[in-house]
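Please examine the sequence and the model shown below.

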Amino acid sequence: MAKQILTTKNVRLSYGDFEALHGIDLAFDENEITALIGPSGCGKSTYLRCINRMNDQIDGVKISGELKFNDTDIYAEQTDVVELRKQIGMVFQQPNPFPMSIYDNVVFGLRIAGVRDKSMLDEAAQAALKQAAIWDEVKNKLDQNALALSGGQQQRICIARALAVSPNIILLDEPTSALDPHSSRQIETTLLQLKEHYTIITVTHNLQQASRIADRTAFFLQGDLIEAGTTKQIFMNPEHQETSDFITGIFG
Amino acid sequence: MDKIRASILTPSRSSKLERRGKWLSLLCLGSICIVVIAIFGFITYRGLATFTTDHVSLSKFLTGTDWNPSVSKSGAPLVGALPMIAGSFLITILATALAIPFAIGTALMMTDVTPKTGTRILQPVLELLVGIPSVVYGFVGLTVVVPAMRNIFGGSGFGILSGTFVLFVMVLPTITSMTVDALTSVPKSFRYASLALGATRWQTIYKVVLRSATPGILTAIVFGMARAFGEALAVQMVVGNATLMPYSLVAPASTLTSVLTTGIGNTVMGTAQNDALWSLALILLIMSLTFNLAIHLIANRGSLKR
């Protein structure tokens, strides 16, 4: 059995008086892709942002429960958020490269971590861009502004940027929802190659995408985790009526 | 059918109104353009009289250090404007340079460090600072800054340094509020991306927010400089109004604007003294055009980057 790299127990989150997550128990195996699915507003993105503590940015958020990354409590007082986020990278829904050159984008995380050695940066940038399957498209224009690229390319630059700091887990918040089908497929292919080295958790609105790439799938509904299991089981033989209704498109 | 045809082909009441509105706005725009062109034309015409009717050479005007328009020497009045030009630039640059760190620090406080309390306290303060008339700044400068300078550095207390401190307070709100706009226009997603990569808040501010906002911040600085360059009353009250080269920051000096405000009422239209003041006004006009041009250039370069 694969090692569980991330476990969460009874995760509750509330904005003021409104509870958005009602106790989520979920565990993630190393080197697997897990897809979080569910209708809009079901809390899947909120849950994702608990894992790298991005919800800390929002005022009035209260989080309880137990989130453990490699058996270390993510919300412990002595946990260094900055170090945690170097271990748990994130790619956002909208491609958000910085208004700098492609190269500067990719090595951003390393530079802020204090890496100055040019050859080390070059090597890391090349490796990350290759892993994100965009090296061939940009290798001759690394000094060009990343905003000049297409949306799909920008998103793969963002993936490369997250990979360059060599995290253990990569969180993706609907990484392809702002992209055209062709770019989406390219990102999916990239993710499938990446799971050899990384644990990937992705939120997606696209059920076909979940069935194509995910090893495991978790279904969220109104702040509850309804069902989680292997993707095959969730899609072919769901235990709950809500899951099967959602999968077959009756609501959502 | 004919009825429909007629109703389509004849202009309706509302479309007539629309056309009238368009003419009305064009008329307003046109008259403002005429006013601006008239001001430009008049100042240029009067300002050039020094060189055409009074036979002052341009180089003598720009580099001469003797300002005494009522005295003629070798057929032309003594109108060396360099002391005022130097005074204006010195005060503008010093006041802006002093204001920049305070403005950026205050703006960051309002956008990134403590957005809630920062904005609640600092926003009204900034608006208040903008609203205070410049004569009040000048008065405070005269009763507080000038004596302080006198006690610290000796002399009269009037001079470039006093003017710098007064102008610093006056340009601070301009630069700050425009810097705030520049910082808030940096997308939140950049900040999130940076934090998610393990950057601290300071690294995010320094490497992402300030960097992305640089064109906007530069525009803010140039705006502040334009304001400082054109400010007359408050500066005139504390600068000392001696048309001497500013060799010392604490000795009485003058700026283009201060000489204009003190002198324009004491001269007769069409005389050499009066023409010389118009020439100073022309320099002011050219400088404000330069500042405007700089702002446009910076803004354009910034938008290309996006």
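In the second largest pocket, α3 (58-63) and β2 (76-79) of chain B each supply at least two residues of the lining; helices (H or I, at least four residues) and strands (E, at least two) are DSSP runs, numbered from the N terminus. The model is predicted: local features need pLDDT of at least 70, side-chain atom pairs count only at pLDDT 80 or more, and totals for chains, interfaces and linings use all residues. Residues are numbered from 1 along each chain as its sequence is written, chains are lettered from A and ligands numbered from 1 in the order in which they are written, and side-chain values use heavy atoms, with hydrogens and water left out.

**Second largest pocket**

- This pocket holds about 210 Å³ of space; a pocket is an open set of points on a 1 Å grid over the protein atoms alone, where a 1.4 Å probe fits, with protein on both sides within 12 Å along at least five of seven lines, and lining residues have an atom within 4 Å of a point.
- Of its 15 lining residues, B:K60, B:A76, B:P77, B:L78 and B:V79 are the closest to the centre.
- With 4 residues, β2(B) gives the most to this lining.
- The lining comprises 6 nonpolar, 6 polar and 3 charged residues (Ala, Val, Leu, Ile, Met, Phe, Trp, Tyr, Cys and Pro count as nonpolar, Asp, Glu, Lys and Arg as charged, and the others, Gly among them, as polar).

**Largest pocket**

- The largest pocket has a volume of about 590 Å³, the space filled by probe spheres set on grid points joined across faces, edges and corners.
- Its lining has 21 residues, of which A:Q57, B:T111, B:D112, B:P115 and B:K188 are the closest to the centre.
- The largest share of this lining, 4 residues, comes from α8(B).
- The lining divides into 9 nonpolar, 5 polar and 7 charged residues.

**Helix α9 of chain B**

- Buried residues (under 20% relative accessible area, 1.4 Å probe, protein chains only) of α9(B) are B:Q203, B:T204, B:I205, B:V208, B:V209, B:L210 and B:S212.
- These buried residues pack against α4 (108-112) of chain A together with α4 (82-113), α7 (160-184), α8 (188-196) and α10 (214-230) of chain B.

**Contact between the chains**

- The contact (heavy atoms within 4.5 Å) takes 26 residues from chain A and 19 residues from chain B.
- About 1900 Å² is buried between the two chains, 68% of it on carbon and sulfur atoms; buried area is the accessible area (1.4 Å probe) that two parts lose on being put together, summed over both.
- B:A196, B:L197 and B:K207 lose the most area in chain B to chain A, together 32% of what that side buries.

Notes
Buried means under 20% relative accessible area, exposed over 50%, partly exposed in between (1.4 Å probe, protein chains only).
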